[in-house]
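Please consult the sequence and structure shown below.

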Amino acid sequence: MNQQPLAAQLRPTQLEHYLGQRHLLAPGKPLRDALDRGQLHSMILWGPPGTGKTTLARLVSTLCDAHFLTLSAVLSGVADIRRAIEEAKSTQASDVPTILFVDEVHRFNKAQQDAFLPFVEDGTVTFIGATTENPSFELNNALLSRCRVYQLRSLSDEDLTAIIRQAADMRDLRCSEAVALSIAAAADGDARRALNLLEILAAGAADSDAGEITAAMVEESLSDQPRRFDHGGDVFYEQISALHKSVRGSAPDAALYWLTRMLDGGCDPHYVARRLVRMASEDIGNADPRALRMTLDAWEVQQRLGSPEGELALAQAVVYLAVAPKSNAVYSAFNAVRETVKSGGSLEVPMHLRNAPTKMMKQQGYGDNYRYAHDEPGAYAAGIDYLPPELKDRRWYQPVERGLEIKIAAKLRSLAEQDAAAGGKV
C-alpha cells in the first residue's frame, strides 16, 4: 500500500490538471504565458496553506526542463544553502537551469536571505520561495527586488470537491456529492486539509462493508473544527481590520460576522475587547460616550465569566458600536495636538494659569488675573484663554453634528459668543 499522504499522491504533473489559481494560470495571464514559453524567472509564491505553492513550483520545473532543488527554511541553514548552490553550479555545465525552491522562506532571517542574492543575480539558480506571510513584511527588499510576487488564493469549494472526488476514486471510496461538499466546506480553501480529512474518514469507511464515507462520519470528524486563523499573521490583521471598518461603517451584521470569525478561529477574546475599547474612542467618541463604558463592561464580563457569557457581551458591545452615532473629532483633535506639541517646542504656561503657593511666586505675578470659573455667571469666565500666547485662538476639537456632539457643538458656539461679547480672549 502506498504510504505517501494523499496530498503527495494526487500532486499533478501537468499544468492542465492543476486546480485553482486561474487568475495566474488561465490562458493569457502573464505567469501562464511565461510557462508556455518556457521562460524562467525568480518568484515568490504567497498564499494560505494548501493552495498549491509547492505543486506549482514543481510544475514550473517540469515545464521549463529545470533541475529542481528544494530547501525548507524550517530545517535548513546557511550550510544547506551553500550545498544547494554547489549542486546548482555542477549542473550549469550541461546547460540545465536549476530551480531552488525554498519552502516557508519567511522563516529565514535577513542574513540567510542575503545568502541567495549573488546566485540569483548571476543566474546560478532561479529562486522560487513559498510563504504564507506577507512578503513585504517578511522578506528583505534586496531579495524581493529580484523576484516577482504571485499571490495564490484559497481554493474554491468547486476545486476542492473535484480534488476530493479524485482522491475518493483513487482509494475506491464511495462519497456522495453532498458529503464531498461538506468536506470541502470544512477544508476552508485548503486542499491539504481536505485530503488529510478524507484520509481520516477513509479509515472509518474501510471498516464498513460498503466502503462509503457518510454524512454522519463527516459530522463527527468535524466537531469543533476551527476555521483558518493565524494568530498574528495576515489573516489575523485582515479580520480585525474588517471588524473595525464594519463598526466604523455602521454595519452591525458585518461586524458580528467578523467578531464571530475571530472568536471561532481561536482569537483571544481579551484582545478583541481591547480593540473594541479603541473603536469606542476613535470612531464614536463624544457622539455617544456610553459606547466606551459599554466596551469596558463587556471586557469585564469576559474577564469575570469567560465563555460563552463574555463572548455574548462582546457581541452586544460590537452591535452597539456599529449602530452608535460616529465621530472621530476627539481622535483627530488628539492627533493634531500631538503634532503641535512635537513641533512647537516647550511653550511656557501663561502666568494667570500658574499656581502661587509661595509669597515670592505671588510677587512675580503667578496667578495674576486668574478668574475662578465657578464664581462667574454660568460657571464660565468669558474672555479667558487657557493656551500659551503662541497658540492663541487655536481650535483642534471640532465636534460633528451627530449624537451628543450636536449639543457639545452648540455649547461651544455659545461659549464663543460670550468670549466675543467680552472683547475676545486674553
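Contact here means heavy atoms within 4.5 Å. The model is predicted: local features need pLDDT of at least 70, side-chain atom pairs count only at pLDDT 80 or more, and totals for chains, interfaces and linings use all residues. Residues are numbered from 1 along each chain as its sequence is written, and side-chain values use heavy atoms, with hydrogens and water left out. Helices (H or I, at least four residues) and strands (E, at least two) are DSSP runs, numbered from the N terminus.

**Gln21**

- Gln21 lies in the loop between helix H1 (6–9) and helix H2 (22–25).
- With a relative accessible area of 4%, Gln21 is buried (under 20% relative accessible area, with a 1.4 Å probe and protein chains only).
- Beyond its neighbours within four places in sequence, Gln21 is in contact with Thr51, Leu152, Arg153 and Leu155.
- Gln21 and Leu152 are separated by 131 residues in sequence, yet their C-alpha atoms are 6.2 Å apart in space.
- The Gln21 side chain reaches the backbone oxygen of Arg153 at 2.7 Å.

**Ser76**

- Ser76 is located in the loop between strand S2 (67–72) and helix H5 (78–92).
- Ser76 is also buried, its relative accessible area being 14%.
- The backbone oxygen of Ser72 is reached by the side chain of Ser76 at 2.9 Å.
- Neighbours within four places in sequence aside, Ser76 is in contact with Leu71, Phe108 and Gln112.

**Helices H17 and H18**

- The axes of helix H17 (residues 290–305) and helix H18 (residues 309–323) come within 7 Å and cross at roughly 170°; axes are lines fitted to C-alpha atoms, for helices over the stretch in contact, and angles run from 0 to 180 degrees between N-to-C directions.
- H17 is therefore roughly antiparallel to H18 (an angle over 145 degrees).
- The residues of this contact divide into ten nonpolar, four polar and three charged; Ala, Val, Leu, Ile, Met, Phe, Trp, Tyr, Cys and Pro count as nonpolar, Asp, Glu, Lys and Arg as charged, and the others, Gly among them, as polar.

**Helices H16 and H18**

- Helix H16 (residues 269–284) packs with H18 at an angle of about 20°, the axes being 11 Å apart.
- H16 and H18 are therefore roughly parallel to each other (an angle under 35 degrees).
- Pro269, Ala273, Leu276, Met279, Ala280 and Ile284 of H16 make the contact with Glu311, Leu314, Ala317, Val318 and Leu321 of H18.
- The residues of the contact of H16 with H18 comprise ten nonpolar, no polar and one charged.

Terms used: Buried < 20%, exposed > 50% of the residue type's maximum accessible area, 1.4 Å probe, protein only. Polar contact = N/O pair within 3.5 Å; in protein donor to acceptor, adjacent residues only side chain to side chain. Parallel < 35°, antiparallel > 145°, perpendicular 65-115°, else oblique.
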